Amino acid sequence: MSQPGASSTRMAWGNPLLCAMLAIIAGGLATLHAGEWEWHDPGAACWLAAGAVLLAWLGFTAWLGWWRGRQARHLSMPAMAPGASFERDPLWVAYASQTGTAEQLARQTVQSLQLAGMDARLIDLGVLDADALVQARRMLFVVSTTGEGDAPDGAMRFVTRCMRAPLPLAHLHYGLLALGDHDYDDFCGFGRQLRHWLQQGGALTLFDAVEVDNGDPAALRHWQHHLSLLSGATELPDWQRPDYQRWQLLERRLLNPGSLGGPCFHLALRPLEGSPAWQAGDLVEIGPRHAPAEVARWLTQSSLDGEAWVEHEGRRASLREWLAGSHLPAVEDARGLSVTELVASLQALPHREYSIASLPADGSLQLLVRRMQRADGTPGVGSGWLTEYAATGAEIALRIRANAGFHMPADGRPLILVGNGTGLAGLRALLKARIAAGHSRNWLLFGERQAAHDFYHRDDITQWQRNGQLARLDLAWSRDGAVRVYVQDRLREAAAELRSWVDAGAAIYVCGSLDGMAPGVDAVLREVLGDAMVERLRDDGRYRRDVY
């Protein structure tokens with residue numbers, strides 16, 4: 001990444017100007033002492049002091065030159081070589097911070113990505129120039145807002161020199177963490193300006209922007225969730241552990257026996273304490289646990305008593321329970337530790353996020369979860385716990401997280417719902433809420449593999465259609481024909497209807513896979529409606545996504 005050209009210009013002019021200023025000062029002092037020139041030996045002490053000052057100045061200037069050279073080498077980003085792998089390019093994390101919070105979060109982001117084995121590097125947004133940004137291939141932005149929607153002081157150079165007009169950024173894949181405070185009118189103002197400018201240049205999102213209201217820890221965990229998906233490291237530790245509540249698994253039912261895809265399950269849970277509420281579009285954070293057999297095997301190898309009770313950080317539980325919710329350390333690392341020391345050294349398993357598929361009026365919190373498979377063939381930690389290891393009636397650590405960016409419109413405007421796979425969960429809750437509110441202008445486009453196996457919640461959907469509560473239904477089954485058809489293809493086929501609904505004030509909600517489906521749908525929307533209209537929909541809150 002090249003050093004900014006403006007910096008070089010400033011350095012070229014700065015040194016002569018400094019010398020001229022010193023000459024003027026020297027001339028002024030000489031004028032004041034005119035006629036008083038007479039040599040006096042100042043003495044050894046004064047000579048030594050002057051020499052020490054001179055050496056200190058020379059040392060400082062030498063260090064400054066070395067430091068600037070080091071920065072230039074650190075920020076060097078060569079263009080992608082022909083045939084180079086996208087994954088091997090550095091992932092830059094650029095921050096714009098007023099009080100230091102954004103910089104701290106950017107550093108934590110880099111540390112998490114490096115822990116996952118990625119080549120992640122930190123850079124101050126104020127150092128970036130147009131040439132550097134045009135060379136970048138992947139970049140995460142962590143930015144705060146100051147004043148009334150302004151950029152932090154340190155980022156103003158980037159704003160004035162880069163953001164006055166769009167740059168050609170079609171090669172850039174980016175993610176954005178925007179910090180703000182809803183007490184101010186222009187919430188996350190600079191983050192939203194930056195996102196709009198990047199999109200004007202054709203930059204593509206790695207995932208949807210995450211906006212943080214006054215340091216909301218749930219939003220920051222959502223950012224960490226994206227980092228886990230981006231890096232492929234599902235075991236990255238949470239920066240701050242969720243405050244889970246106690247829930248009970250009431251029901252688990254396989255929905256797609258015989259499917260070519262992974263098994264998907266309908267789950268129902270109830271709270272063991274209180275009466276928590278949620279809205280359609282909200283998410284849950286689940287605290288996963290290891291399979292009981294895996295914990296038992298570790299205890300046997302370690303020759304430790306799993307029933308030993310240990311109190312740590314205000315919680316008292318058996319060693320077996322502590323281990324079930326934590327990364328299992330290497331057996332040799334546990335040798336010689338007391339059970340209390342062992343528990344204190346454990347690192348909790350990171351949370352998993354799932355869209356809620358029901359409303360409180362349904363009497364249970366319902367999820368649609370696909371069992372994921374790790375490289376060694378074993379189930380994923382989160383999905384394995386929910387779909388295989390947790391018995392019906394088992395206690396589940398769960399926290400509801402508000403997802404205001406995916407709540408349904410406050411009015412009865414038409415609603416276009418697009419999703420695939422387990423993304424149907426969030427769309428199902430929205431449809432339930434719309435129907436309960438008496439709004440029937442709903443259009444669902446859903447895609448999966450096979451109609452015979454993967455039409456989740458078929459009875460609900462077909463009943464809504466028969467009752468006139470679902471005005472239009474388009475389905476895409478990618479493995480049922482000679483040619484694979486996806487949900488974005490169905491949307492393109494209905495281009496005229498899409499334009500008509502949007503002209504009537506419709507909002508578009510997309511839920512499901514970020515790999516393939518979400519960018520495919522976005523491309524069709526831009527093809528049919530135009531880039532300007534899609535950006536207007538996004539700015540007006542009429543185009544919303546919950547993709548993963």
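**View 1. C511 stands opposite D546 in β19.** This close-up is of a predicted model, where local features need pLDDT of at least 70, side-chain atom pairs count only at pLDDT 80 or more, and totals for chains, interfaces and linings use all residues. Residues are numbered from 1 along each chain as its sequence is written, and side-chain values use heavy atoms, with hydrogens and water left out. Helices (H or I, at least four residues) and strands (E, at least two) are DSSP runs, numbered from the N terminus. Strand β18 covers residues 507–512, and β19 covers residues 543–547. The two pair in the parallel sense over 5 bridges; strands count as paired if DSSP finds at least two bridges between them. β18 also runs parallel to strand β15 (residues 415–420), with 5 bridges joining them. Look for L415 there: its bridge partner in β18 is A507.

**View 2. Both faces of β18 are covered.** In a regular strand the side chains alternate between the two faces of the sheet. Here, A507, Y509 and C511 point one way, while I508, V510 and G512 point the other way. So which of these are buried (under 20% relative accessible area, with exposed over 50% and partly exposed in between, using a 1.4 Å probe and protein chains only)? All of them: 6 of the 6 residues in β18 are buried.

**View 3. Helix α7 is mostly covered.** This helix takes in residues 217–231, which is 15 residues. From its first C-alpha to its last it reaches 21 Å, close to the 21 Å expected at 1.5 Å a residue (the expected span is 1.5 Å times one less than the number of residues). Of its 15 residues, 12 are buried, among them R221, W223, H225 and H226. At the start of the helix, a side-chain oxygen of D216 comes to within 3.2 Å of the backbone nitrogen of A218. Just after the helix, G232 takes a positive phi of about 80°.

**View 4. A lysine, K432, sits in helix α13.** The helix spans residues 424–436. Is K432 buried or exposed? It counts as buried, because its relative accessibility is 17%. Leaving aside neighbours within four places in sequence, K432 is in contact (heavy atoms within 4.5 Å) with A357, S358, L359, D362 and W464.

View 5. Most residues other than glycine have a negative phi. S303 is in the loop between α8 (292–302) and β10 (309–312), while E313 is in the loop between β10 and β11 (315–318). S303 counts as exposed because its relative accessibility is 66%; E313 is exposed too, at 76%.

**View 6. Here are two stretches to read with care, residues 1–15 and 64–88.** The mean pLDDT (the predictor's confidence in each residue, from 0 to 100) of the protein chain is 86, and 84% of its residues reach 70 or more. Over residues 1–15, though, pLDDT is below 50, and this stretch has 28 contacts in the model beyond near neighbours in sequence. Residues 64–88 stay under 50 as well, with 28 contacts beyond four places in sequence. Where pLDDT is low, the predicted coordinates should not be read in detail.

Definitions and conventions
A polar contact is a pair of N or O atoms within 3.5 Å; within protein, one must be able to donate a hydrogen and the other to accept it, and residues adjacent in sequence count only if both atoms are side-chain atoms.
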